[in-house]
Amino acid sequence: MEQQTPRQRRLGSRRTATTGRQPTPGRVRAMTLAAGAAVLAVVLAAGIYSSAEARSTAANLQPANLTAENLTAASAAPSAATTAEASASPSASLDAAAPASAPAPGTVDEALDARIKAILDANSQYQIGVALVDVSRDSGSADVHEYGVREEFVAASTAKVLAAAAYYHLVETGAASLDDPLGNYTAGFQLREMIQQSDNDSWSLIMDAVGHEQLTEYAASLGVSYDPEINTLTPAEMATILAGVYSGTLLTAGDTAQLLSYMQDTNYETLIPAAVPEGITVFHKYGLLDDELHDAAVLAQGNTAYALVIYTKGQDLGDVPERTEVIHQLTQAVAVALF
């Protein structure tokens, strides 16, 4: 099969009936991305909601509630009208929520390093990159531990977290509003659809609203090299983005809580979330495009929180079940060692 470049993979057509104009480069990617997600649904029988179904029930949709033990600052995700009024960051609430008798959390040590490397060695037929960073409050270190492939992958839909953070940044600087019309709905609605439902039309609208050059500049301010036209990130860069979001250093407390709420109970929970033990909360964004299968998550329990990014590249969609199992093994190794 002819191999495609990252740019070629993202090219395709996009619905333009609601906009009445020709697709921009940001919109052109939608068909290929949406087709990949559809195939994943067939391969793994995922219960993915269609964009049409989500929009037909838009009036009834509410953001997913954040769990009390992890995000007491927002027992329910704030609406656009109350976002600016929130006053506590997610990480700031962890101390109060931690059980008094909770055992001391683990650390990334040689034993965990060896376990992750053993899993990667046993699955060397795939290209796998893993990044792990402690995002616990007052952890004292923001070092990213990297394993396997450290080079760029096509980030697929995991990059939607970056786009969301960039749009929230515009809101916070007064350059945009969650109530701004985007397509047939508001920007706030499109943000939720982009993250919870992984809607690619919403992604295109958000990226166009931010501006591609501006999105690149925003990523650079985080120490991340990102070009929306090729959509590539390293696992370490994605972990850096997650760490910034979860720690509350990128956005206000209200916007942080709202974005994290959208990263819970998404339309596809069979990768990292399916492998964590009970009691660990997961905020994540998966990605699928051609031969790429990824998940990027924050695992949180009490005072302990880690960003875990697992990027994989295989032959095609036929080995998605096998790579899903590898993602489960890596997740379990991290969870057992650190929580």
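Angles between axes under 35 degrees count as roughly parallel, over 145 as roughly antiparallel, 65 to 115 as roughly perpendicular and the rest as oblique. The axes are lines fitted to C-alpha atoms, for helices over the stretch in contact, with angles running from 0 to 180 degrees between N-to-C directions. The structure is a predicted model, in which local features need pLDDT of at least 70 and side-chain atom pairs count only at pLDDT 80 or more, while totals for chains, interfaces and linings use all residues. Residues are numbered from 1 along each chain as its sequence is written, and side-chain values use heavy atoms, with hydrogens and water left out.

The chain holds 13 helices and nine strands, taken as DSSP runs (helices: H or I, at least four residues; strands: E, at least two) and numbered from the N terminus. Of its 339 residues, 54% are buried, that is, under 20% relative accessible area, with exposed meaning over 50% and partly exposed in between (1.4 Å probe, protein chains only). The accessible surface of the chain amounts to about 13900 Å², and carbon and sulfur atoms account for 51% of this; areas come from the Shrake-Rupley method with a 1.4 Å probe, and for residues only the protein chains shown count as cover. Contact is defined as heavy atoms within 4.5 Å. Among contacts between residues at least 6 apart in sequence, 67% join residues at least 24 apart.

The axes of helix 7 (residues 160-172) and helix 9 (residues 200-210) come within 10 Å and cross at roughly 45°. Helix 7 and helix 9 are therefore oblique to each other. The crossing is left-handed, meaning that the near helix is turned anticlockwise from the far one by less than a right angle (right-handed if clockwise). Helix 7 contributes Lys 160, Ala 163, Ala 166, Tyr 167 and Leu 170, which meet Asn 200, Trp 203, Ile 206, Met 207, Ala 209 and Val 210 in helix 9.

Helix 8 (residues 187-196) is mostly covered, with ten of its ten residues buried. Among them are Phe 189, Arg 192, Glu 193 and Met 194. Leu 191 also belongs to helix 8 and counts as buried because its relative accessibility is 1%. Leu 191 lies 27 residues from Ala 164 in sequence, with a C-alpha to C-alpha separation of 6.4 Å. Beyond neighbours within four places in sequence, Leu 191 is in contact with Ala 164, Tyr 167, Tyr 168, Leu 178, Ile 206 and Tyr 262. After helix 8 comes Ser 198, with a positive phi near 55°.

Five strands form an open sheet in the order 2-1-9-8-7, with antiparallel pairing; two strands pair if DSSP finds at least two bridges between them. Strand 2 (144-148) and strand 7 (281-289) are at the edges and have a single partner strand each, so one side of each lacks a neighbour in the sheet. From one strand to the next, the twist averages 10°. Strand 7 and strand 8 (residues 292-301) run antiparallel and are joined by nine bridges, with Phe 283 opposite Val 298 in strand 8. Helix 11 (residues 235-247) packs on the sheet and touches strand 1, strand 2, strand 7, strand 8 and strand 9 (304-313), its direction making about 150° with that of strand 9.

Helix 6 (residues 110-122) lies across strand 1 (127-134) and strand 2, at about 30° to strand 2. The axes of helix 6 and helix 13 (residues 320-338) come within 10 Å and cross at roughly 175°; the two helices are therefore roughly antiparallel to each other. Their contact includes Leu 112 and Arg 115 of helix 6 and Val 326 and Gln 329 of helix 13.
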